[in-house]
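Let's take a friendly walk through a protein model together. Please have a look at the sequence and the 3D view before reading on.

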Amino acid sequence: MSAAIQLAARVKGREEHRNLLFSVAYRLLGSAADAEDAVQDAWIKWSAADRSQVADPKAYLKRIVSNLALERLRSTRHKRETYVRPWFPEPILTSGDTADVVADAESVSMAMLVVLETLSPLERVVFVLKEVFDFSHAEIAEVVERSEAAVRQAVHRAREHVRTRRPRFAADRSRQREATERFFAAATGGDVNALMELLSPDVTLWTDGGGKVRQALRPVVGAATVAAWFAAIGTVTYQGIEPADMKAELVEINGGPGIVFSGPGRVIATVTFDFDADGSITAIHNVANPDKLQAVADGTAYDMGTQ
């Protein structure tokens, strides 16, 4: 094999590993910026490691980045708990491949990541590694430096916590896409009645402005109120942007259909949805904190596969 071919193979392998490591770190941290930092730190540790003792580089790297993410979760927990609103993950654009695998898409959805924020750092790490990446209890024990028995207990607690707060519905991707497209048309057209048809009666709109952007102070509840909130988007100035200068685009966000709102030179908000088994919208997450929109503004679509 020529030197050029060997180099190309190493670059390809590193990129594949990098995608996987980001996929792990983002699910654990809910922040693209923090996940990128964790991946970079993992490569630094990998470069300094005695690779002759590493039988499975991919598994070794996943353990490193998971441990780094756990440390970061613990160090940022107070900041998230004292956030001015419920802490929402940083939304990211995702590639179509993620949406093709229902389990992968669900595990990176905004709704799931919000639930994961309610776990302790230890519970979050053991849940993601076990339920999403199929680590053995022994492998997780090595990452979190706990006994296998302690890991089993933590996995059980986390699983029950998630199951209570995140009911699983039949995932019909085409129905979700259709509902999002109809919502997009109704919201940009100011059609309250059409919005009402798409919303569950007890739908909840959650907003995250981070104290930097004016948003609803409390969750907005009820189909009529939420429909009126979105129907007004095209009629009022928002963050200094006139309605005529505001653009809306259908994109894939966190493994599912979503909407990006933007003005001249900047992204101003993302909107993602949660659906029931019939395709009605049960929850809407609106992220407008500019600190959390950089990944979307950069335009990078991440491959969030788990293999």
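## A threonine in a strand

In this predicted model, Thr 272 sits in strand E6, which covers residues 266-275. Is Thr 272 buried or exposed? With a relative accessible area of 5%, Thr 272 is buried, because the cut-off for that word is under 20%.

Who are its neighbours? Leaving aside residues up to four places away in sequence, Thr 272 touches Met 110, Ile 253, Ala 283, Ile 284 and His 285.

Now turn to helix H7 (residues 121-132) and helix H9 (residues 148-165), whose axes come within 8 Å. The two axes cross at roughly 85 degrees. Angles of 65 to 115 degrees count as roughly perpendicular, so that is how H7 and H9 are placed to each other.

Which residues meet here? From H7 come Glu 123, Val 126, Phe 127, Lys 130 and Glu 131, and from H9 come Ala 154, Val 155, Arg 157, Ala 158, Arg 159 and Val 162. Sorted by type, the residues of this contact are six nonpolar and five charged, with no polar ones.

## The whole chain

Stepping back, the chain has 13 helices and eight strands. It holds 307 residues, and buried residues make up 51% of them.

How do contacts link parts of the sequence? Taking contacts between residues at least 6 apart in sequence, 66% join residues at least 24 apart.

Finally, the accessible surface of the chain comes to about 14700 Å². Carbon and sulfur atoms account for 50% of that surface.

Note on methods. Residues numbered from 1 in each chain as written. Predicted model: local features only at pLDDT ≥ 70, side-chain atom pairs only at ≥ 80, totals over all residues. Heavy atoms only, no water. Helix = DSSP H or I, 4+ residues; strand = E, 2+ residues; numbered from the N terminus. Buried < 20%, exposed > 50% of the residue type's maximum accessible area, 1.4 Å probe, protein only. Contact = heavy atoms within 4.5 Å. Axes fitted to C-alpha atoms, helices over the stretch in contact; angles between N-to-C directions. Parallel < 35°, antiparallel > 145°, perpendicular 65-115°, else oblique. Nonpolar A, V, L, I, M, F, W, Y, C, P; charged D, E, K, R; others polar. Areas by Shrake-Rupley, 256 points an atom, 1.4 Å probe, with all protein chains shown as cover.
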